[in-house]
Amino acid sequence: MRALYFDCSSGISGNMALGSLLEIVGDEEYLLEELKKLNVEGYKIEIFKKVKNGITGTYVDVILPNAENHHSEHRNLDDISKIIDNSKIDEKSKELAKRIFIRVAKAEAKVHNKPLEEVHFHEVGAIDSIIDIVGTAILINKINPDKIISSIVNDGYGFINCSHGKMSVPVPATSEIFASSDVKFRQIDVDTELVTPTGAAIIAELAEEFTTLPAITPEKIGWGAGYKDLKIPNILKVYYGEMEENSEQDDKFVVMETNIDDSTGEILGYTLEKLLKGGALDVFYTPIFMKKNRPAYRLTVACRKKDMENLQNIIFRETTTIGIRYRFEDRIELKREFLEIDTKYGKIKAKKVFNNGEVYIYPEYENLKEISEKNNVPLKELYKMTF
């Protein structure tokens, strides 16, 4: 599959996203012509290279010749939606841009304790942020990736000056965008803002997962330069390339464990059945002693990473535990195929397993049990027929 991976180790802003995606598309004129379809006047765009700590990236600068007039011009979400809806850009780009704006609007409404329709954007309502968000939507749909992934998003610390005065980093709107999404972020030792609300909304809307770089064959890398000069490169790096559908990370083997001393045997047995039906590869209980010498059980569940969240929900819903430990492990799996063995009692289902030139046949227990009971044949005799 075709994938985009955002390396947000230096944070993310609207113009950093634009610059990096523009390097992947490789066509400045396409972006400029598409943005003209917004029918918004009073700005011009300059695109040039900037060097950050020895790394060259593309910087997209939205210039407002009459900046003082724009500072007094506030728009609400409905105003911005009308600008987008009345434009001639493609529908997919319109919808993506509006979803990004809604994320910012909800965050601002929460911060200022106002209904969504009463929120007036200051920075986001300005033309430069409209260009950043709509431009990003246009380029994303031009690239049309099958999947978008991001690193953990790094932000700085300290305080910055904004229209409401001095604010701590992350600023309130960015914090609320993170809180209402699946974004994973952390603060690093850089005394300034690395993630703007626009950048936070963009990555929150685009990224399906926040993890380390998966196995990918990169075809292009986009470098989007930021405005600030920092002790780290103020650069957003975006990879574009081919990624296996079942990447090594998605296929990773997970072991989850939890200790339970206050659930009945019936509940634990039922939970095991639910977990196996929910996609667990293996489930078992180990007798243990816990605090105050209480007899208890350790529940162990083995699964694929993709099934982890669903199985955690089953454990929390069906048992009394309030915490689950997990770890990633490697495992070796033998190649296998399923077959049916003809016997005088009918077909017996089995697994055929291959190991270093040798072949093993393992019959399916439930199938053997059914045939044994139906024909009044000892189970051990049926096992002999399959080996």
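In which kind of crossing, left-handed or right-handed, does H1 pass H6?

Mentor: Before the answer, please keep in mind that this is a predicted model, in which local features need pLDDT of at least 70 and side-chain atom pairs count only at pLDDT 80 or more, while totals for chains, interfaces and linings use all residues. Residues are numbered from 1 along each chain as its sequence is written, and side-chain values use heavy atoms, with hydrogens and water left out.

Two packed helices are described by the angle between their axes and the distance between the axes. Helices here are DSSP runs of H or I with at least four residues, numbered from the N terminus. The axes of H1 (residues 14-25) and H6 (residues 127-143) come within 9 Å and cross at roughly 25 degrees, where axes are lines fitted to C-alpha atoms over the stretch in contact, and angles run from 0 to 180 degrees between N-to-C directions. Angles under 35 degrees count as roughly parallel, and H1 and H6 are therefore roughly parallel to each other. As for your question, H1 passes H6 in a left-handed crossing, meaning that the near helix is turned anticlockwise from the far one by less than a right angle.

Contact means heavy atoms within 4.5 Å, and the residues of H1 that meet H6 include Leu18, Leu21 and Leu22, while those on the H6 side include Ile131, Leu139 and Ile140. By class, this contact has 10 nonpolar, 4 polar and 2 charged residues, with Ala, Val, Leu, Ile, Met, Phe, Trp, Tyr, Cys and Pro counted as nonpolar, Asp, Glu, Lys and Arg as charged, and the others, Gly among them, as polar.

Elsewhere, Cys8 counts as buried because its relative accessibility is 0%, buried being under 20% relative accessible area with a 1.4 Å probe and protein chains only.

Key: Helices (H or I, at least four residues) and strands (E, at least two) are DSSP runs, numbered from the N terminus. Angles under 35 degrees count as roughly parallel, over 145 as roughly antiparallel, 65 to 115 as roughly perpendicular and the rest as oblique. Buried means under 20% relative accessible area, exposed over 50%, partly exposed in between (1.4 Å probe, protein chains only).
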